[in-house]
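Here are my notes on the fold, as numbered points. Please read them with the model open.

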Amino acid sequence: MEVREHLSQHERAEQLPLVTESATVTLAEAMDRNRTEEVEDAIREQLEAVDGANWLSEIHDGAEYQWEELADRLDTVDISDYRRDDISTLVDRFERAYPSLLRVRVRVDEKLNFAPGQYVTLQFHDTPRAYSLSDSPNEDELGFGIRRVPGGRLTSDLFQELEVDDQVVVRGPNGEMTLDDPSNRDMVFLATGTGAAPFKSMIDYTFEEDRDTVDGEQRDVWLFLGCGWEDDIPHREHFEDLAAERENFHFVPTLTREPLLTDWDGETDYVQQVFIKHLGDELDETELPNGFADMATEQPKTDIDERIHPENTELYACGVTAMVTTLVRAAKAVGVPEDSMQYEGFG
Ligand SMILES: Cc1cc2nc3c(=O)[nH]c(=O)nc-3n(C[C@H](O)[C@H](O)[C@H](O)COP(=O)(O)OP(=O)(O)OC[C@H]3O[C@@H](n4cnc5c(N)ncnc54)[C@H](O)[C@@H]3O)c2cc1C
């Protein structure tokens, strides 16, 4: 299976039709939070459990923590691999630059015609990169959800410098992952991280244009979104509000790391596993590949009563390419027809 990927995006970016050389930035705001103190407390608590209550203060040289020294100390105590991994995950989060998730909006002079699910190329300081359009084409401005890639050429500039009233170049639109014609099939969106961006556009448009009702029947619309931490969920409030407003929209975030910081009691498994937990019971578990069969019998942590019936589903998957490959493999294994699937990898 080949996940469509924009492998030569940098070369191709400049061949897309120019929309404008001077789109004006109207919003550049963090979607994640600075959780340094919370993370520090969590590391301290983990260390107390291995008799290292004072270690954090001891490895602080007045300016910053010497994490290599912590690793050396941990080698001297009897500690489980799980706890060692948890501490290392928390240290990574402590070191993570803030912000790492940006919501950006730009104003273009003439309304851009695009299909929900498509992307454009944004260029700032001579570096062009592809970004999915996260807002509905019914909106006047173009919206984006952008994750910082450590050391990344464009995102380093965007996160350090981008401000309201800056100008960016926009080319496009492009991309083949767009909504199928309305049908009686339910819609399932599987995303990791900023893979939610094109789905926000597609989902908003679906409800704005009443495409969730066909021949008087409502279709269920599901969004399964996998992130590490709670504040990594792009557009979280928007999706939560929509789920509260629309009884046929089901928003299922799954957070693999959040329990290290809070008492998050939602889903923590991988997106494909959480999707499988929400399937109808017509599924024959014995035919599922290893790792999926157990999930099919597990109870979801959500209070959603509806269930997904793979053969009557149109499915979209988006995120980092390796994840999308896994999501699509799972969808095929449970019987989503191949011609009812669309997916895109971000590289
Ligand atoms: C069709 C399409 C749509 C996209 N939509 C979005 C979007 O909506 N939001 C968004 O944040 N990004 C999106 N991307 C990714 C985006 O185009 C850039 O690749 C990303 O922002 C990194 O750019 P950079 O210049 O900072 O890093 P670069 O300097 O280009 O890359 C630095 C290194 O990081 C790796 N890398 C690139 N992207 C990622 C990533 N996402 N995670 C981990 N490592 C990575 C590269 O392989 C490279 O090794 C999309 C990509 C494609 C192809």
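**Notes on the two sheets**

1. β12 and β13 pair in the parallel sense, with 5 bridges between them. Pairing here requires at least two DSSP bridges between two strands. Strands (E, at least two residues) and helices (H or I, at least four) are DSSP runs, numbered from the N terminus. Within this pair, Cys318 stands opposite Glu344 of β13. From β12 the chain crosses through helix α11 (residues 321-333) to β13, a right-handed β-α-β crossover. Right-handed means that, with the strands pointing away from the viewer, the path from the first strand over the helix to the second runs clockwise.

2. A word on provenance. The model is predicted; local features need pLDDT of at least 70, side-chain atom pairs count only at pLDDT 80 or more, and totals for chains, interfaces and linings use all residues. Residue numbers start from 1 along each chain as its sequence is written.

3. The parallel sheet is open and has 5 strands, in the order β11-β10-β7-β12-β13. Its edge strands are β11 (249-255) and β13 (341-345), each pairing on one side only. The twist averages 10° from one strand to the next. Axes are lines fitted to C-alpha atoms, for helices over the stretch in contact; angles run from 0 to 180 degrees between N-to-C directions.

4. How many residues of β12 are buried? The count is 7 of 7. Buried means 20 or more other C-beta atoms within 10 Å of the residue's own, with C-beta atoms placed from the backbone. Thr313, Leu315, Ala317 and Gly319 cover one side, and Glu314, Tyr316 and Cys318 the other; all are buried. β12 also runs parallel to β7, joined by 6 bridges. In that pairing, Ala317 of β12 is the bridge partner of Leu190.

5. Now the other end of this sheet. β10 (residues 221-227) and β11 run parallel, joined by 7 bridges. Leu223 has Phe251 of β11 as its bridge partner. Helix α8 (residues 236-245) packs on the sheet, touching β10 and β11, at about 140° to the direction of β11. Contact means C-beta atoms, placed from the backbone, within 7 Å.

6. The antiparallel sheet is also open, with 6 strands in the order β4-β3-β6-β1-β2-β5. β4 (127-132) and β5 (142-147) have a single partner strand each, so one side of each lacks a neighbour in the sheet. Neighbouring strands are turned by 40° against each other on average, direction ignored.

7. β1 (residues 18-30) and β2 (residues 101-107) run antiparallel, with 6 bridges. Ala30 stands opposite Leu102 in β2. Helix α7 touches β3, β4 and β5, and its direction makes about 155° with that of β5.

Key
Two residues are in contact if their C-beta atoms, placed from the backbone, lie within 7 Å. A residue is buried if 20 or more other C-beta atoms lie within 10 Å of its own, exposed if 12 or fewer, and partly exposed in between; C-beta atoms are placed from the backbone.
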